Amino acid sequence: SSQEVAELSAILAPLPAQLAASLAAKRRHGRHGRIDFRRTVRRSLSTGGVPLEPAFRRPHPPKPELFVLADISGSVATFARFTLQLTTAMRTQFRAVRCFVFVDGMDEVTDVMTEAADVVDLAERIDAAGSGVHLDGRSDYGNALTTFHRRWGGQVNSRGIVLVLGDARSNYRFPAADKLAATARRASRLYWLNPEPRAAWSDGDSVMHEYAPHCDGVFECRNVRQLKEFVARLD
């Protein structure tokens, strides 16, 4: 409902900035900017003009590009709304936010996300277009990840952060974990948020154990508290 969307927006409001700041701190850590000659000369006065300790400018790394891959299948329908709201909120904190949705295929919905009035409108547009559904409409992570790798994988680079949101239940179909691994190698970071309890991740048709080794972090994300914990752990 509109009221629920407003409440969720208020809860999520500070999280994108926290996530962006945390990732920026990681990029700055251990890096130097260009040498600051004026400060270096001033420091050298205490050693008779010998520049023993060069000074560097504070680095200002560019904002990263965020790729969000969101499972919108029926089994995670509620989580999908949550995902779309989070993605919408994060747009201003990154150089670019590109949103992809999948069930048994993969479609980019970045333009739709930009044009939609709110998350309810966005969800309705995605449903009406049948985005993410290419075959029988039953979850197929392997085909979805293969499609992303083939069509957009080359656009992910060392400034790209990939965020996958889904339960990794693929109806016993081939998981294509190698395609996720290929994307992870190109990206700066790859994180996975799973709305199921961690104890269920390798149960039944879950292939989370196939994907986890290729992620920089895999997190249980069933509520806003756990989402905040995910952001905090990026520090």
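Phenylalanine 102 and tyrosine 141 are both buried, where buried means under 20% relative accessible area, exposed over 50% and partly exposed in between, with a 1.4 Å probe and protein chains only. The model is predicted, so that local features need pLDDT of at least 70 and side-chain atom pairs count only at pLDDT 80 or more, whereas totals for chains, interfaces and linings use all residues. Residues are numbered from 1 along each chain as its sequence is written, and side-chain values use heavy atoms, with hydrogens and water left out.

Rings of Phe, Tyr and Trp (its six-membered ring) pair if their centres lie within 6.5 Å, and planes under 30 degrees apart count as stacked, over 60 as edge-to-face and the rest as tilted.

| Pair | Centre to centre | Between the planes |
|---|---|---|
| Phenylalanine 100 and phenylalanine 148 | 5.1 Å | 85 degrees |
| Phenylalanine 102 and tyrosine 141 | 5.0 Å | 80 degrees |

Phenylalanine 100 in strand β2 and phenylalanine 148 in helix α7 (residues 141-151) are 48 residues apart, while phenylalanine 102 in strand β2 and tyrosine 141 in helix α7 are 39 residues apart; helices (H or I, at least four residues) and strands (E, at least two) are DSSP runs, numbered from the N terminus. Phe100 and Phe148 also belong to one aromatic cluster with Phe67 and Trp152.

Arginine 98, likewise found in strand β2 (residues 96-102), counts as buried because its relative accessibility is 14%. Residues that arginine 98 touches (heavy atoms within 4.5 Å), not counting those up to four places away in sequence, include Phe67, Trp152 and Gln155.
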